[in-house]
Amino acid sequence: MPLISDRLRAEREALGLSQQALAEKCNVSARSQRNYESGERQPDAGYLAAIAAAGADVRYILTGEREGPPPVVLTGEERLLLDYYRDAPAAMRKAAMAVLLSAGNAPAGQLYQGDGGVQIGSVAGGRVRVGKK
């Protein structure tokens, strides 16, 4: 079974972060991050709380066991797209979903709900509707 240091590195990579970037998010030095990943030092509770807040699975880091399905590993391009989507205003997210749905990327008849109960798309007969429910 991989060591804590190996699982910590794997979680960092799954988050798409460099050692320096994760160290900054967790309020530790880059040297501390390298030491954790090399097994020279063990992370403390404060670090584990910070890495959990960054999206890492601390249970997996400590025990090697996960609850539920394995995490989805995003490519750099997917992560960038997701970051832009999350930072976009609601109207832009709505428009992006409409474009994706109109390209035939949604199961027929499936509804997509946006912020504030706004229906941002449904596919029926190959056509996309966008607007209020």
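A pocket is found on a 1 Å grid over the protein atoms alone: an open set of points where a 1.4 Å probe fits, with protein on both sides within 12 Å along at least five of seven lines.

**Before you start**

This is a predicted model: local features need pLDDT of at least 70, side-chain atom pairs count only at pLDDT 80 or more, and totals for chains, interfaces and linings use all residues. Residues are numbered from 1 along each chain as its sequence is written, and side-chain values use heavy atoms, without hydrogens or water.

**Stop 1: the whole chain**

Show the cartoon. The chain has 7 helices and 3 strands; these are DSSP runs numbered from the N terminus (helices H or I, at least four residues; strands E, at least two). From the N terminus on, the order is α-α-α-α-α-α-α-β-β-β.

Now colour by pLDDT, the predictor's confidence in each residue, from 0 to 100. The chain's mean is 81, and 77% of its residues reach 70 or more. Over residues 117-128 the pLDDT is below 50. Where pLDDT is low, the predicted coordinates should not be read in detail.

**Stop 2: the largest pocket**

Lining residues have an atom within 4 Å of a point; among them are Leu74, Glu78, Tyr84, Tyr85, Met92, Arg93 and Leu100.

**Stop 3: helix H4**

Select residues 45-53. Which residues of H4 are buried? They are Tyr47, Leu48 and Ile51. Buried means under 20% relative accessible area, exposed over 50%, and partly exposed in between (1.4 Å probe, protein chains only).

Look down the axis of H4. Its buried residues fall within an arc of 100°, so they line one face of the helix. The arc is that of the directions from the helix axis to the C-beta atoms. On the other side of H4, Ala45 and Ala53 are exposed.

The buried residues of H4 pack against helices H1 (4-14), H2 (19-25), H3 (30-38) and H5 (58-63).

Just after H4, select Gly55. Gly55 has a positive phi of about 110°.

**Stop 4: Asn27**

Go to the loop between H2 and H3, where Asn27 lies. Asn27 is not a glycine, yet its phi is positive, about 60°. Most residues other than glycine have a negative phi. Is Asn27 buried or exposed? Asn27 is exposed, with a relative accessible area of 70%.

Definitions and conventions: Contact means heavy atoms within 4.5 Å.
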